Amino acid sequence: MNSHIVSGAPTAALAHGPEVMVPTSPAEAISAFGDGTGTSVVGGGTVVTPMLTHGYLWPERVLMLHAAGLGQIVDGSPLEVGATATLAQLAKVAPEPLASAARIPDYEIRGQATVGGNLCVGGDLQPALIVLGARVRSAGEPKGQHVEGIEDFLARTGPRLVLSVQVEHPLAGAYLEQRRRHAHTYPVLTVAVARRTDGIYVAVGRQAEQAVAVSCPSVERALAGGASAQDAAGAVLDDVQPEDDPLASAWYRRRVLPVLVARALNQLEGQR
Ligand SMILES: Cc1cc2nc3c(=O)[nH]c(=O)nc-3n(C[C@H](O)[C@H](O)[C@H](O)COP(=O)(O)OP(=O)(O)OC[C@H]3O[C@@H](n4cnc5c(N)ncnc54)[C@H](O)[C@@H]3O)c2cc1C
């Protein structure tokens, strides 16, 4: 492992700055991460690097993953995507709705941002991964590697090192988002839908600042009961409680969300 000390820390307690660890294999990365205490992980660094640079984060250790051999994509069934694969790479191989979710409009960020970072920072992949029933492989506490469903992963708090994400190919999928034009930032709302062998799955993201994406069981139940896309979409507000944030008001989100869900479901229907 390459390891060196960065100088110039502003505090007496960390006079030598954080230790920077650059593992060169997955096993080294897992070992360097340990239980994650005091460690900031850098995937593509699009979010965490400015935080480190400007002193919003001052960890004891920085774990840089770019050389850790965690970027492999195995295009099989399931599709397995390593944590440091970029969103641009993911968009080329993933099924819908994941491919569209990965195609974030900021071209430079798409080429630099990683799958693991997106998952941990509450990015746009979350609803697409939920409707695909994705499984996440991670390491950390409790000690060892864990493979768990995406919703269990998102519900769990505490440090973990994402290693890879697995998804099965659905029968069909669609992803829609509402964005402010020309804003180099997150969307106002995201909706992912997928038809799998056992039914239609629906999930919503960006309903509030830093919100974790959620599945929409009321919409799914309505569809399973034979409701039209329009009627089923109305049930989304039973599952999702939009909030105000700097990008949009709760009022706006409540108005737009059922429309977005109905459009996504119509797109899914059009793929029959
Ligand atoms: C201009 C701009 C536009 C953006 N637009 C969008 C957008 O449209 N949609 C969107 O979803 N996001 C957007 N982002 C946010 C961000 O770039 C992406 O979400 C990106 O995927 C984050 O990945 P990263 O590898 O750069 O994360 P990093 O910055 O490396 O890390 C982000 C967080 O995840 C942790 N982390 C990283 N990798 C791992 C891992 N393997 N295991 C555990 N923890 C890890 C870090 O410690 C940190 O807490 C935008 C950012 C910018 C600057």
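## Close-up views of the ligand and its surroundings

View 1. A backbone N or O atom of V41 lies 2.6 Å from an oxygen atom of the ligand. The model shown here is predicted. At G44, a polar backbone atom is also 2.6 Å from a ligand oxygen. V48 brings a backbone N or O atom to 2.8 Å from an oxygen atom of the ligand. How much of the ligand's accessible area does the protein cover? On its own, the ligand has 960 Å² of accessible area, and the protein covers 87% of it.

**View 2. The ligand sits in the largest pocket.** In the surrounding shell there are 30 residues. V41, G44, T46, T114 and R179 are the closest. Sorted by class, the shell holds 15 nonpolar residues, 11 polar ones and 4 charged ones.

**View 3. Helix and strands around the ligand.** Three elements each supply at least two residues of the shell: β3 (39–42), α6 (115–120) and β9 (160–167). Which element gives the most? The answer is α6, with 4 residues.

**View 4. G34 in its loop.** Find G34 in the loop between α1 (26–33) and β3. Is G34 buried, partly exposed or exposed? G34 counts as partly exposed because its relative accessibility is 35%, and that class lies between under 20% for buried and over 50% for exposed. Now look across to A134. G34 and A134 are 100 residues apart in sequence. In space, their C-alpha atoms are 25 Å apart.

Definitions and conventions
Residues numbered from 1 in each chain as written. Predicted model: local features only at pLDDT ≥ 70, side-chain atom pairs only at ≥ 80, totals over all residues. Heavy atoms only, no water. Near = heavy atom within 4 Å. Polar contact = N/O pair within 3.5 Å; in protein donor to acceptor, adjacent residues only side chain to side chain. Areas by Shrake-Rupley, 256 points an atom, 1.4 Å probe, with all protein chains shown as cover. 1 Å grid on protein atoms, 1.4 Å probe; cavity = no way out; pocket = protein on both sides within 12 Å on 5 of 7 lines; lining within 4 Å. Sits in = over half its atoms within 2 Å of the grid points. Nonpolar A, V, L, I, M, F, W, Y, C, P; charged D, E, K, R; others polar. Buried < 20%, exposed > 50% of the residue type's maximum accessible area, 1.4 Å probe, protein only.
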